[in-house]
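User: Please take a close look at one part of this structure, the loops, and then go on to the parts beside them. A plain description will do.

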Amino acid sequence: MAESPGPFTLVIDSDKIAWLTLDLAGSKVNLLGSDTMGCLDQRISELESRIATGQPVAVVIRSGKPGTFIAGADVREFAKIGGPAEAKAKSAEGQRIFRRLDRLTVPTIAAIDGVCMGGGTELALACDWRLATDRPSTKIGLPEVKLGIIPGWGGCVRLPRTIGIQRALTMILTGSATPVSRGVRWGLVDRVFPVDRFDDEVKAFAIDVVRGQVARAPRRMSLKDKLLEHTGPGRRTLFAAARKQALKTSKGHYPAPLEAIDVVERTIDESIDDALVTENDGLARVAATDVSQNLIRLFTIGQEAKRALPGRVLGQARPVQRAAVLGAGIMGGGIAELIAAHDVPVLMKDIQQDALDLGLHHASGLLKKAGDRGVFAPTEAGLKFALIHGTLDYEGFDEVELVIEAVVERMPVKQQVLREAEEHLSEQAVFATNTSSLSVSELAKASSRPERVVGLHFFNPVHRMPLVEVVRTEHASDEALATAFAFVSDMGKTPVLVGDRPGFLVNRLLGPYLNETGYLLEEGAAVAQIDRVLTEFGMPMGPCRLLDEVGFDIAQHVAHEMERAFGERMAPSSVVGKLVEDGRLGKKNGRGFYTYAKGRQQGVDRDVQRTLGSGSSVSPADIGDRCLFLLVNEAVHALAEDIVASPGDLDLAMVMGTGFPPFRGGLLQWADTVGAPRIRDRLLEFEAVHGSRFTPAPGLISLAEDGGSFTAA
Ligand SMILES: NC(=O)c1ccc[n+]([C@@H]2O[C@H](COP(=O)([O-])OP(=O)(O)OC[C@H]3O[C@@H](n4cnc5c(N)ncnc54)[C@H](O)[C@@H]3O)[C@@H](O)[C@H]2O)c1
């Protein structure tokens with residue numbers, strides 16, 4: 001029996017099992033927007049009246065889209081929320097509908113195949129049982145804190161009751177998706193079935209439940225966990241530790257994790273209905289704040305970035321079934337690991353056996369760690385590693401669709417490698433360079449098919465950094481660009497299209513920022529002081545620490561490339577050169593601004609401060625403004641040159657490529673809160689004292705004069 005159409009369709013089969021199937025038309029994934037929730041509400045009314053007549057005897061909720069269950073609430077609707085009252089009403093409505101679901105008097109089963117996130121997880125928690133497929137992509141999560149809010153459709157209330165307080169806090173506070181294997185261990189998933197027999201198994205399970213033949217596995221808990229979760233003092237300890245950790249991670253910039261902890265603590269012993277009211281109040285406190293609006297904006301831009309190429313161009317992408325990496329260094333090893341982790345066979349070529357061995361070792365270690373962290377089953381790490389084939393020659397290169405070059409940063413070497421590789425590649429293969437500062441067009445001059453040469457600029461460390469700049473040259477074909485772009489998305493990274501100018505976007509903007517650090521040090525500012533000002537602003541690490549990570553030799557090389565390209569405003573200070581002369585390379589040789597023990601950063605190296613000498617002090621306000629306003633100024637130059645398509649793309653790239661504080665919404669979003677006139681005035685003040693590197697960009701002057709906004713530019 002089929003009911004009226006809608007995103008949720010209801011069919012009751014001959015065994016009196018109701019199948020409530022969600023299939024949102026015109027969308028790749030199922031999202032719980034207002035209309036879909038309204039339809040669910042209606043279907044629940046239908047179910048209630050039918051249950052009263054004796055059928056159905058059980059309800060199964062599933063997705064009509066294989067491989068994706070429900071990706072969450074519709075974030076576009078959040079973005080339009082005007083204030084806390086509206087957020088509160090939206091949360092109350094979702095709570096009400098899921099409460100009706102959990103009050104149905106027959107067993108309810110969520111049949112989860114593929115990603116189940118946010119509102120989807122809250123829906124599944126309102127069901128009596130949760131069954132999942134063994135598909136590797138089946139994962140369950142509550143990522144709300146990543147958007148600056150808390151689960152507000154019953155997630156904070158039902159999850160701790162289902163899997164215990166500590167595990168619930170882990171899921172809610174990290175926002176990370178839980179793989180099925182862990183879901184079973186934690187009591188979140190009741191059974192796992194093979195994907196090819198899923199519906200049959202779900203049906204058999206439903207029949208068994210109706211017959212009373214299924215027992216729920218008892219939740220196992222260690223004595224320590226029982227003491228922590230079930231006694232007053234234990235709970236106080238547990239919640240205090242959670243708050244301490246949340247504050248450490250959020251550095252006080254993100255209110256949602258603390259609010260989630262408060263809600264879980266306050267609601268754990270309340271009745272469900274009282275608890276939902278408490279959750280609703282908690283959500284209203286964090287929703288529609290600047291932080292949540294900024295995070296939601298970045299999320300939305302990230303989604304749009306995946307559609308940056310028009311459909312007709314992206315449609316030309318060739319699937320990459322085999323790939324190759326040239327160079328087995330820091331980047332080559334990381335890129336090979338990423339590709340293998342996504343189950344694509346990859347050749348990794350170097351010219352030295354030692355380097356190859358190191359690259360393989362690096363990749364193997366990363367895969368093992370990913371398995372241990374639950375990114376995939378630990379047993380899969382070995383299988384994935386077997387997909388990387390280390391080689392010193394070009395055997396097998398004729399079969400790859402994409403090769404990523406990550407050899408040393410020297411144009412003649414890269415051109416030579418390109419020429420060599422092309423002798424072995426198929427005509428259609430795309431050649432992508434991972435250069436961080438050289439011109440891709442210049443490199444392509446060495447190619448016999450420049451239309452197949454693009455840039456794919458990964459960031460270090462590859463497995464952690466979400467951004468990849470996709471560099472388009474004048475000659476690159478749509479097909480080559482689309483292949484590289486789609487590949488980046490398939491690898492779970494965020495591609496941002498950038499123009500082919502030195503430093504592309506992110507390194508170019510970082511140029512003046514890092515140079516300024518050198519000038520500040522020359523003037524006598526202290527390493528710890530500079531880093532403190534910028535970390536207090538929200539940067540994940542200060543610029544001195546960042547230079548240590550990059551390596552002084554590399555920083556020096558890139559700085560000279562930038563100066564050559566952009567002239568005086570990118571001229572570096574003498575500091576990095578002095579440090580290199582002093583035998584310092586940064587973290588990699590354990591001699592940077594900081595000292596290192598077993599690769600871990602210790603305190604500031606006092607000798608470094610001595611080498612640099614001391615001068616007059618610089619005020620924290622000047623340190624912050626000089627570094628950050630130069631970033632904004634360079635961003636305006638880059639936008640004027642169309643290095644990126646939009647201010648939104650620029651903000652996304654800076655957050656994903658440098659860790660620019662997401663709670664500030666991105667560089668330009670933040671610049672808007674400061675205002676163009678103030679930034680211009682401060683730059684003019686600095687220009688008068690320190691010279692032309694502070695000259696405001698023409699675009700910045702216009703914005704300041706016209707009262708324009710950076711993000712609308
Ligand atoms: N390290 C970073 O933070 C970073 C970040 C982004 C981009 N990049 C870029 O990635 C590229 C590689 O950087 P890296 O840090 O991995 O360098 P690396 O020095 O660690 O590794 C380079 C590797 O290339 C190998 N190699 C040299 N000539 C070769 C050839 N002809 N064929 C095959 N292999 C060859 C070397 O033996 C070495 O193993 C550079 O272009 C760099 O600018 C680096």
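Analyst: K251 lies in the loop between helices α10 (232-250) and α11 (255-267); helices (H or I, at least four residues) and strands (E, at least two) are DSSP runs, numbered from the N terminus. This is a predicted model, in which local features need pLDDT of at least 70 and side-chain atom pairs count only at pLDDT 80 or more, while totals for chains, interfaces and linings use all residues. Residues are numbered from 1 along each chain as its sequence is written, and side-chain values use heavy atoms, with hydrogens and water left out.

K251 is not a glycine, yet its phi is positive, at about 50 degrees. K251 counts as exposed because its relative accessibility is 51%. Here exposed means over 50% relative accessible area, buried means under 20%, and partly exposed is in between (1.4 Å probe, protein chains only). A288 also has a positive phi, of about 60 degrees, without being a glycine. The loop that holds A288 runs between α12 (272-286) and α13 (290-305). With a relative accessible area of 26%, A288 is partly exposed.

Two other loops contain a cis peptide bond. One lies between α1 (34-52) and β4 (58-63), where P56 is found; the bond from Q55 to P56 is cis, with omega near 10 degrees. The other is the loop between β18 (453-458) and β19 (467-472), the place of P461. N460 is joined to P461 by a cis peptide bond whose omega is about -5 degrees.

The helix α1 deserves a paragraph. Just after α1, G54 takes a positive phi of about 105 degrees. The buried residues of α1 are T36, M37, C39, L40, D41, R43, I44, E46, L47 and I51. As a general point, an α-helix has 3.6 residues a turn, so residues three or four places apart point the same way. The cover over the buried residues of α1 includes the strands β1 (8-12), β2 (17-22), β3 (31-32) and β4, together with the helices α3 (84-103) and α4 (119-125).

The loop between β1 and β2 holds D13. D13 counts as buried because its relative accessibility is 17%. Its side chain makes a polar contact with the side chain of W19, at 2.9 Å. A polar contact is a pair of N or O atoms within 3.5 Å; within protein, one must be able to donate a hydrogen and the other to accept it, and residues adjacent in sequence count only if both atoms are side-chain atoms. The D13 side chain also reaches the backbone nitrogen of D15 at 2.9 Å. Leaving out residues up to four places away in sequence, D13 touches W19 and K203, where contact means heavy atoms within 4.5 Å.

F397 sits in the loop between β15 (388-391) and β16 (402-405). F397 is buried, because its relative accessibility is 0%. Residues up to four places away in sequence aside, F397 touches A324, L326, L347, K349, T391, V403, H424 and L425. F397 and Q353 are 44 residues apart in sequence, and their C-alpha atoms are 18 Å apart in space.

Next comes α18 (411-422), the helix in which Q415 lies. Q415 is buried, because its relative accessible area is 15%. A polar atom of the Q415 side chain lies 2.8 Å from the backbone oxygen of E442. With residues up to four places away in sequence left out, Q415 touches E442, L443 and A446.

α18 also takes part in the ligand shell: α15 (330-341), α18 and β18 each supply at least two of its residues. The ligand is surrounded by 21 residues, and the closest are M331, D350, E409, K414 and S436; a residue is near a molecule if one of its heavy atoms lies within 4 Å of it. The shell divides into nine nonpolar, eight polar and four charged residues. Ala, Val, Leu, Ile, Met, Phe, Trp, Tyr, Cys and Pro count as nonpolar, Asp, Glu, Lys and Arg as charged, and the others, Gly among them, as polar. An N or O atom in the side chain of D350 lies 2.6 Å from an oxygen atom of the ligand. For the side chain of K414, the distance from an N or O atom to a ligand oxygen is 2.7 Å. A polar side-chain atom of S436 also lies 2.7 Å from an oxygen atom of the ligand. Taken alone, the ligand exposes 830 Å², of which the protein buries 81%; these areas come from the Shrake-Rupley method with a 1.4 Å probe.
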